[in-house]
Amino acid sequence: MPSLTRPSRQTDFARFSSSTPIVIDNGSSTFRIGWAGEAEPRVSFRNVVQRPRHRSTGETVSIIGDTDPPLMKFFDCTRSALRSPFDDDVVYQFEYMEYILDYAFDRLGATSEVGHPILMTECECNPSFSRARMAELLFETYGVPSIAFGVDNAFSYKYNQKLGNCGEDGLVVSCEHGTCHVVPFLKGQPVLGACCRTNVGGFHVTDFLRQLLSLKYPYHTASITWEKAEELKKEHCYVALDYMSELHTFKNNKEEAEEKTRYWQLPWVPPPKEELPSEEELARKAALKEKAGQRLREMAAQKRSQKIAGLEEKISSLEELLEQLDEADEDEAAAILGRSGYLSPQEIKSDILKCTQALRKAKGESNGNEDKSDVSGVDKYPLLSVPDETLTPEQLKEKKKQQFLKTTTEGKMRAKQKRAEEEALKEKQEEQRRAENPELYLEELRARYSELSEKFEQRKRQKVGGSHTNGNHSSSGGVGRGERLNAAQKERMRLLTSAAFDRGKGEDTFGARDEDWLVYNKMSKDNDDNGNDDDESELVRIASKLKVPKYRPLTAEDYKISIGIERFRCPEVLFQPGMIGIDQAGIDEMVSISLRRLMEDESVKELLCQSILVTGGSSLFPGMIPRLESGIRQFRPYLAPLKLVRAADPILDAWRGAAAFAASSKFGKQTFTLADYREHGENLFHRYNIVYTL
């Protein structure tokens, strides 16, 4: 929120007589109030209301106008936004308007009833119901004896006419906060029937700038507030004489674009540098680490001793079981094996060997390769060394299963070792190519990545929609099973069919030979789902090489907001409202529309175009007058006279003209009283228009 000074309370209210009028410029952006005949308003503040809750008491308070940021920390504003009583320059929310008037009269010094005539400005063609509600509020709430309403642009025009900036006949182009108006003047009076209005103003310029910067810098949206955007607009924005030419300059002429770009540096604190630890700190950490390591070693030693004791006990029990089997006859041996859960003495010996190896490993006595080969050959597959004559039918099935598993496992190990050697060779070759030509290597990686990505996308599309390669269509219009099978899948189906027909022709010996692994490998790998593993791993590997690090330390450049094309793009909405989705005419076209509505001959229109006054806060943009003149000439005859002039003070001239009008002797004849309002009601405002004289 803007950190403007809140207006102080006036102390000379009682010094003015009850006949001295109070002048109110009720603008949609700023509320100004003062005394008739004075050069400056006594009180000015932003025309908004906010009603937050106090954090400690929970009481709802009314905050009018500009806020003081240090005081706002005591209030909860999360559920209370800034509210305006205006909607397109027309007062609709009279509840908020009453809060604003209470605050304004209090700052002016009023204690109870106001008791002074009121002159209040309004927009062109203000609806009668808005006038009636405002008059009712002033009469019944503040005890105002009489009221007069006048158009703010008319007061500004008359004030500048008094200063000699414009003639008696002319046009006023008002670029205000929420709207823009064009009003013709004939013989010093506004022709309201020929005025033109568009619902675009300074508010829309500010909001458009805020939106553009928020989209451009999404990580700084909290800093790009509406109030800050308003400040940036007033400081940096300008109107381009030729919008398309200015866009072309920013696109092609980098040097000139850089000269016209402005920067806004957000607060940034560099990250603290990490200090190297002192020797005492290193010694302390080393001592703590050694202490923790000693504790872990003690726990590991205790756990190892428990494991050794358990293994020794198990080995002794198995050895005793073997001794019992040696001493027993065949029937007793079968009973002992049944109770122990083992199928044969060889299985017991395998278990003893496994426990012995685990015991050696726990004691640190294992020597590695020979034990591992024994484990792979004897421990995992104990039935392979047992003759078939000594095995039962169930043990024969288990032996075949172990033989198949051994074959597949050895084949997988050989394939894995081969892939590892190929990958190591490939990495070495890639490293050589990268060292020779890094740019070419990077380009090849990107091309390979694009190729694999396209291949995966194509496979996805084929899975969804199928590929009509053989011309067979199902009756329902979908894709048949034969169309979805590729060559690898068909080969796999052939192998499965052959294996199925081979069963039953003799003894099932599949898996007994090394050649069976090749068939198994084809059946398990050459399918549509698993056949892409190599490409997928290759895609992941390339993506990891091309991947940019996710984190980098933030610098001051990351907190710098550049304002380049936004400087002239945002004010352009005054001339092209369609840029923000408003299908209305721009301010240059509005002049032509207003002249067409004026039922006068061409000579009168030429006279009006020689005295065009540009007023309102948005008229302060640099380049506004030349651009507006250029736009109006497009709608006027060739070499037609045209003169535009900016108001002496586009912001305060409306209040000063109203103050001068209220101080004149003719002001009393332009007001209406409470009795008039009660007699005529809202019908009074259908025909109410004052005569503007200074």
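Analyst: Helices (H or I, at least four residues) and strands (E, at least two) are DSSP runs, numbered from the N terminus. The model is predicted, with local features needing pLDDT of at least 70 and side-chain atom pairs counting only at pLDDT 80 or more, while totals for chains, interfaces and linings use all residues. Residues are numbered from 1 along each chain as its sequence is written, and side-chain values use heavy atoms, with hydrogens and water left out.

User: What does UniProt list for residues 301-331?

Analyst: An unreviewed UniProt entry lists residues 301-331 as "coiled-coil region". UniProt positions are given in the numbering used here, feature names are shortened, and annotations may be inferred rather than shown by experiment.

User: How far does helix H9 reach, and what is expected?

Analyst: The expected span of a helix is 1.5 Å times one less than its number of residues. Helix H9 (residues 279-327) has 49 residues and reaches 71 Å from its first C-alpha to its last, close to the expected 72 Å.

User: Why is the span of helix H11 in agreement with its 19 residues?

Analyst: Helix H11 (residues 345-363) agrees because its 19 residues should span 27 Å and its end C-alpha atoms are 27 Å apart. Just after H11, Gly 364 takes a positive phi of about 80 degrees.

User: Which residues of H9 are buried, and what covers them?

Analyst: A residue is called buried under 20% relative accessible area, exposed over 50% and partly exposed in between, with a 1.4 Å probe and protein chains only. The buried residues of H9 are Gly 293, Ile 308, Leu 311, Ile 315, Leu 318, Leu 321, Leu 322 and Leu 325. What covers them includes helix H10 (330-340) and H11. In H11, the buried residues include Ile 348, Cys 355 and Leu 359. Over the whole chain, buried residues make up 40% of the 694 residues.

User: What makes the pair of Tyr 157 and Phe 185 stacked?

Analyst: The rings of Tyr 157 and Phe 185 are 4.2 Å centre to centre, with 15 degrees between the planes. Planes under 30 degrees apart count as stacked, over 60 as edge-to-face and the rest as tilted, and the pair is therefore stacked. It links distant parts of the chain, with Tyr 157 in helix H4 (residues 152-163) and Phe 185 in strand E13 (residues 180-186), 28 residues apart.

User: Where do the charged ends of Lys 560 and Arg 627 sit?

Analyst: A charge sits over a ring if NZ of Lys or CZ of Arg is within 6 Å of the ring centre and within 35 degrees of the ring normal. The charged end of Lys 560 sits over the ring of Tyr 263, 5.2 Å from its centre, and that of Arg 627 sits over the ring of Phe 575, 4.4 Å from its centre.

User: What joins strand E18 to strands E12 and E19?

Analyst: Two strands pair if DSSP finds at least two bridges between them. Strand E12 (residues 170-175) is joined to E18 by four bridges and runs parallel to it, while E18 and strand E19 (residues 644-646) pair in the parallel sense over three bridges. Ser 174 stands opposite Thr 615 in E18, and Leu 613 stands opposite Val 645 in E19. Both faces of E18 (residues 612-615) are covered, with Ile 612 and Val 614 on one side and Leu 613 and Thr 615 on the other, all buried.

Definitions and conventions:
Phe/Tyr/Trp six-rings, centres within 6.5 Å; stacked < 30°, edge-to-face > 60°. Contact = heavy atoms within 4.5 Å.
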